[in-house]
Amino acid sequence: MWAKNLLCAAILLSGIALLTGSILPIRPHEPRPIIRLERELSQQAVVQQVDAAFATAWRGVNIEPAPPADDLIVARRMSLALVGSIPSLEDIRHLESLPADRRLDIWLAELLADRRSADYLAERFARALVGVENGPFLLYRRRRFVSWLADEIAVNRPYSEIVRQLIAEDGLWTDKPAVNFVTVTINPDDDNKPDPNRLAARVARGMLGVRLDCAECHDHPFADWKQADFQALAAFFAGTRQSLRGIRDYPGVFEVENLQTGETSEMPPAVPYDSQLLPKNGDARAQLAVWVTHPDNRAFARATVNRAWAIMFGRPLVEPIDDLPVRGSFPPALEILTDEFVTSGHDLRRLFAVIASTRAFRLESRLSETLNDESYDVHQAQLAVFPITRLRPEQVVGALLQSGSLTTIDYESNILVRTARAIGQIEFVERYGDAGADEFDPRGGTTTQRLLMMNGEAVSDLTKEEDLLFSTATRIGTLAPGDAEAVETCLLAVLTRRPTVEETEYFTRRLRDTRGGQRNERLGDIYWALLNTTEFSWNH
Amino acid sequence: MSIDSVDRPYAWGLPAPPSRRGFLTVAAAGLLTPLATLLARRAEATDPSREPAQSLIVLWLAGGPSQLETFDPHPGRQISAETRAIETNVSGVKFAAGLPTLAQHMSSLAVIRSLQSKEGDHERGTYLVKTGYRPDPTAVHPAIGAICCHELPAAGTDIPRHISILPGEWPARGGYLGDQYDAFQTGDPAGKIADVAPQVSFPRYEQRLKDLEMLERVFARGRRTASDATMHAHQVREARQMMTSEQLEAFNIGQEPAELLAAYGDTPFGRGCLAACRLIEVGVRCVEVTLSGWDSHANNHEVHQRLNATLDPAFATLIEDLKRRGTWERTVILCGGEFGRTPRINPLGGRDHWPHGFSVALAGGPIRGGLAVGATDPQGSKAVEQPRQIGDIHATILTALGINPAKELISPAGRPLKLAEGAAIGEVLA
């Protein structure tokens with residue numbers, strides 16, 4: 001009994017020691033190695049093209065774009081988009097130590113090289129590729145799928161190769177994680193057969209950005225796609241079966257029922273456009289995989305560019321994200337980036353780097369008061385002002401947890417911190433309400449979310465005055481030499497910016513002549529208010 | 001002010017939710033089915049009991065309850081696997097033996113025994129039964145409670161109008177109507193409601209809100225249009241209003257007599273049903289109360305015996321309680337799960353998923369009691385008499401609530417989608 005108690009105490013103490021070690025002291029400032037910006041020069045050319053295209057468009061409607069945003073705000077956007085969190089105080093100090101003209105480029109390269117970015121982007125792509133459902137028990141492993149996708153993104157494998165493997169892979173879902181793309185559609189009520197219709201819908205919508213599946217049941221009078229287009233695409237998966245050796249193709253024909261007559265007929269596989277790109281030989285799925293990812297299949301590249309843009313900006317360049325015409329006119333920026341993406345061999349990392357380097361990405365999200373009243377909508381439509389979009393729940397919790405730690409929570413962080421973060425994240429996202437697979441649809445917030453931020457435990461832990469270990473506000477109060485410094489540190493940690501004159505005056509007045517418990521209380525209040533702002537929960 | 005009495009920034013240009021008067025106008029224009037027109041006329045009559053219902057309680061039996069051990073026994077047949085049946089207070093209608101108290105309220109229930117679906121997976125089946133639509137990547141459909149909140153006016157409620165008590169894995173959501181129509185989730189009413197109590201003293205909280213206002217002013221500078229459109233500040237005010245609302249007391253079942261609580265069965269689900277009854281009284285539109293664990297792949301009979309013992313007193317007392325409080329006429333109840341269970345017993349003594357013929361119970365409001373609709377095959381085949389689809393159940397409930405199920409909303413994909421795909425079951429509403 002004694003031994004047990006002692007053991008327990010020892011574990012607790014060592015845990016606290018570890019936690020203290022990773023949360024409390026701001027790590028002594030060590031200059032980080034500056035990651036070399038590969039292909040920097042060639043990227044610049046395409047960035048200039050995109051910038052020029054926007055400039056022409058802005059001139060065309062006679063508007064001045066918003067001024068460039070502050071570096072820290074752009075750094076925050078980059079972090080939220082690429083790792084789902086905000087820069088830590090430690091990151092901010094690092095950023096500010098970098099040469100001003102290259103600061104953001106270096107930060108961008110660092111983020112793209114960060115393993116957290118592969119994990120985060122893998123989840124974003126997974127939502128389009130397999131959705132968020134749990135899928136059939138035992139036959140589908142979503143986590144396995146996402147971590148495989150993250151591995152591929154981490155080594156920057158060409159996106160076309162990843163997608164080819166998703167469509168054509170054979171084998172067991174545990175051993176060959178890519179086949180989970182197929183097994184998630186398995187219908188336990190239909191002899192464990194993968195569902196060709198659902199697979200075709202994912203290929204069309206998640207990979208090509210076309211809503212072929214709207215024609216699943218019947219033709220629509222004004223839609224581009226006919227029911228037969230959809231059925232023929234589904235027919236590529238007609239022979240796909242689940243066997244003891246996992247997913248394999250067997251000879252099979254795709255039978256379709258005429259809903260009016262009830263008659264069935266055979267539907268041979270065919271692609272809905274550009275059939276000259278379809279290989280003549282090979283397994284059905286392998287043929288389809290080559291066609292989808294063919295460099296000349298622009299719909300594939302364009303849909304991927306549009307999705308990457310949405311990940312960076314919070315909304316796609318062309319809305320809705322999965323309903324792009326295959327032919328038609330597109331914003332010039334989309335076409336320039338699509339060309340670039342194809343030429344680069346479907347290089348995802350480069351695509352994200354280019355988008356994040358454009359002038360449009362680095363604009364302010366605000367205009368002058370007069371311009372806001374007169375033409376905010378025009379500016380927004382032309383991307384002449386950075387759009388304000390709601391953060392996804394995991395970005396909110398990522399930012400929340402990061403704002404509670406003065407150092408960066410990353411793969412170098414203590415295991416306990418990361419575990420606490422992972423558990424906290426899941427619980428928080430569950431309560432906050434996951435955005436689901438259509439995460440780029442514009443959405444409103446909920447009362448539950450506000451209550452969670454206003455009164456929930458996660459925020460309270462960061463703001464409690466008596467809690468020296470976990471309360472960041474208290475910690476800042478102890479470290480900052482004066483009131484103004486304390487206010488500045490709070491704003492930097494939560495909103496990634498320095499306070500305005502008005503804010504400094506307001507909050508230093510609140511802190512003036514307070515000490516000890518009362519001062520900590522006030523700091524906790526300031527932290528609470530910062531965490532509950534629109535500015536914190538929205539990308540801007 | 002309640003959740004959606006203010007503008008919806010992305011309502012896709014839809015007209016405002018129709019008032020009952022608006023509904024009547026549409027009906028008069030002859031756009032409704034004869035049945036709906038009839039109901040609309042009824043609503044115009046002066047007798048208050050003829051008004052359409054105003055609220056919905058969903059008793060969600062998560063996991064897929066067996067029709068054979070609940071509302072559709074086949075006593076003496078092989079598929080009954082020796083589950084006994086008992087008489088109800090309606091002659092000719094029998095329940096499984098596990099629901100003796102509820103059986104005495106059959107005269108208040110309409111049991112649909114011939115539901116068919118094509119979704120045999122929990123997640124997909126739940127989606128279908130809660131939204132009335134099969135999962136479909138072209139749109140995320142709203143749960144029926146969200147539709148009620150969207151379509152019916154929101155007068156005088158400070159607390160969320162869509163509530164899920166003991167939410168299971170997939171609580172009701174707003175789908176394409178927006179997250180603001182998601183059910184507000186809360187646990188066993190014996191405990192506290194999460195996140196409504198401030199963590200600091202009242203004066204300090206007020207000061208925090210003042211600090212917040214200052215920060216919002218700074219943020220809105222030059223971004224007024226966009227920051228107003230976020231509705232963030234509005235939601236903070238709503239949350240604040242809810243925190244201090246007297247209506248929160250509706251969650252507090254401790255105010256009810258101990259005997260009543262005992263009658264519900266002092267279980268989390270029973271307490272949830274009592275809370276639902278109280279919430280309806282203060283104007284909440286839809287309360288979902290979940291009883292989980294029906295997925296009886298092994299030991300089917302034991303699982304059902306245990307869960308029926310929770311469901312039976314809770315459901316029966318809910319009916320009595322609504323009648324006693326005078327809210328029966330304006331409340332519709334739906335009780336069911338994502339599918340039924342196989343007529344055949346598997347080697348583990350369990351029943352597996354069976355979407356081919358299963359039951360739900362409806363009650364309250366204009367629902368006609370004492371009715372059993374359709375029948376499953378006593379031999380256990382997939383054949384059913386008078387087959388019904390989930391969409392029909394949705395259409396029936398919406399009609400009972402004075403909402404036209406054929407009304408179309410434009411989904412974010414630009415497609416017109418009916419509120420419910422099916423047709424109201426006429427005899428249930430007659």
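Colleague: Where does Val210(A) lie in chain A?

Modeller: Val210(A) is in the loop between α10 (196-207) and α11 (227-234) of chain A. Helices (H or I, at least four residues) and strands (E, at least two) are DSSP runs, numbered from the N terminus. This is a predicted model: local features need pLDDT of at least 70, side-chain atom pairs count only at pLDDT 80 or more, and totals for chains, interfaces and linings use all residues. Residues are numbered from 1 along each chain as its sequence is written, and chains are lettered from A and ligands numbered from 1 in the order in which they are written.

Colleague: Is Val210(A) buried or exposed?

Modeller: Buried, because 23 other C-beta atoms are within 10 Å. A residue is buried if 20 or more other C-beta atoms lie within 10 Å of its own, exposed if 12 or fewer, and partly exposed in between, with C-beta atoms placed from the backbone.

Colleague: And what does Val210(A) touch?

Modeller: Leaving out residues up to four places away in sequence, Val210(A) touches Ala204(A), Arg205(A), Ala299(A), Asp323(A), Leu324(A) and Val326(A). Two residues are in contact if their C-beta atoms, placed from the backbone, lie within 7 Å. Trp148(A) is 62 residues from Val210(A) in sequence and 26 Å away in space, C-alpha to C-alpha.

Colleague: Changing topic: how do α5 and α15 of chain A cross?

Modeller: The axes of α5 (residues 103-113) and α15 (residues 348-357) of chain A come within 11 Å and cross at roughly 150°. Axes are lines fitted to C-alpha atoms, for helices over the stretch in contact, and angles run from 0 to 180 degrees between N-to-C directions. The two helices, α5(A) and α15(A), are therefore roughly antiparallel. Angles under 35 degrees count as roughly parallel, over 145 as roughly antiparallel, 65 to 115 as roughly perpendicular and the rest as oblique.

Colleague: Which residues make the contact?

Modeller: From α5(A), Asp105(A), Leu108(A) and Leu112(A); from α15(A), Arg349(A), Phe352(A), Ala353(A), Ala356(A) and Ser357(A). They divide into five nonpolar, one polar and two charged. Here Ala, Val, Leu, Ile, Met, Phe, Trp, Tyr, Cys and Pro count as nonpolar, Asp, Glu, Lys and Arg as charged, and the others, Gly among them, as polar.

Colleague: What about chain A as a whole?

Modeller: Chain A has 25 helices and eight strands, and 51% of its 540 residues count as buried. The mean pLDDT (the predictor's confidence in each residue, from 0 to 100) is 86 for chain A, with 86% of residues at 70 or more. Over residues 6-29 of chain A the pLDDT is below 50, though the stretch has 23 contacts in the model beyond near neighbours in sequence. Where pLDDT is low, the predicted coordinates should not be read in detail.

Colleague: How many residues of chain B are in contact with chain A?

Modeller: 50 residues of chain B, and they meet 53 residues of chain A. On the chain B side, α6(B) gives the largest share, 10 residues. That side divides into 23 nonpolar, 13 polar and 14 charged residues.

Colleague: And chain B itself?

Modeller: Chain B comes to 13 helices and 17 strands, and 53% of its 430 residues count as buried. In helix α12 (residues 390-400) of chain B, 11 of 11 residues are buried, including Ile390(B), Asp392(B) and His394(B). Just after α12(B), Gly402(B) takes a positive phi of about 75°.
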